[in-house]
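Dear colleague,

Please find below the structure that I am handing over to you. A summary of the findings follows it.

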Amino acid sequence: MTKTQAKRAALARRQRRVRGKVAGTAARPRLRVERSNAHIYAQLIDDVNAVTLVQAASNEAEVAKKIKGAASNKDAAKIVGEVVGTRATKAGISEVVFDRGGHLYHGRVKALADGARQSGLKF
């Protein structure tokens, strides 16, 4: 197993561990965060019906316009959090459970969560 394969396997184990503890419903969906080196993605998922209710990503045209002036990836993540929060509020969702996707609650993941909280989501 190469170093890259080992890192991906470890991330997959952490994701499974988090998913064993966190589940979303229609009333309180799961706020799932996924990040790559270049972008960050967030979606609200109803696990009971297996459907995505709301989503936002840093590579969407609408969000990319807001991010254009951002100084860092953390600022971009905060903007994505604010966008997903406002879209959730419009959809009638006020409370979520947070799924950090196996990543540490630090840096871009924390910035996205803070942005979602500022836009009105509770978790």
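**Findings**

Lys-66 belongs to helix H2, which covers residues 61-67. Please bear in mind throughout that the model is a predicted one. With a relative accessible area of 49%, Lys-66 is partly exposed; exposed would require over 50%. Apart from its neighbours within four places in sequence, Lys-66 is in contact with Ile-79 and Val-83. Between Lys-66 and Gly-115 there are 13 Å from C-alpha to C-alpha, and the two are 49 residues apart in sequence.

The sheet comes next. Four strands form an open sheet in the order S3-S2-S1-S4, and the pairing is mixed. Its edge strands, S3 and S4 (97-99), each pair on one side only. From one strand to the next, the twist averages 20°. S2 and S3 run antiparallel and are joined by six bridges. Opposite Leu-44 stands Val-54 in S3.

Two helices accompany these strands. Helix H3 (residues 73-90) lies across S1 (30-35), S2 and S3, and runs at about 145° to S3. Helix H4 (residues 108-118) packs on the sheet and touches S1, S2 and S4, its direction making about 145° with that of S1.

One loop residue also deserves mention. Ala-50 is placed in the loop between strand S2 (40-46) and strand S3 (51-57). The phi of Ala-50 is near 55°, a positive value in a residue that is not glycine. Ala-50 has a relative accessible area of 68% and is therefore exposed, the cut-off being over 50%.

Yours sincerely

Methods: Residues numbered from 1 in each chain as written. Predicted model: local features only at pLDDT ≥ 70, side-chain atom pairs only at ≥ 80, totals over all residues. Heavy atoms only, no water. Buried < 20%, exposed > 50% of the residue type's maximum accessible area, 1.4 Å probe, protein only. Contact = heavy atoms within 4.5 Å. Pairing = 2+ DSSP bridges. Axes fitted to C-alpha atoms, helices over the stretch in contact; angles between N-to-C directions.
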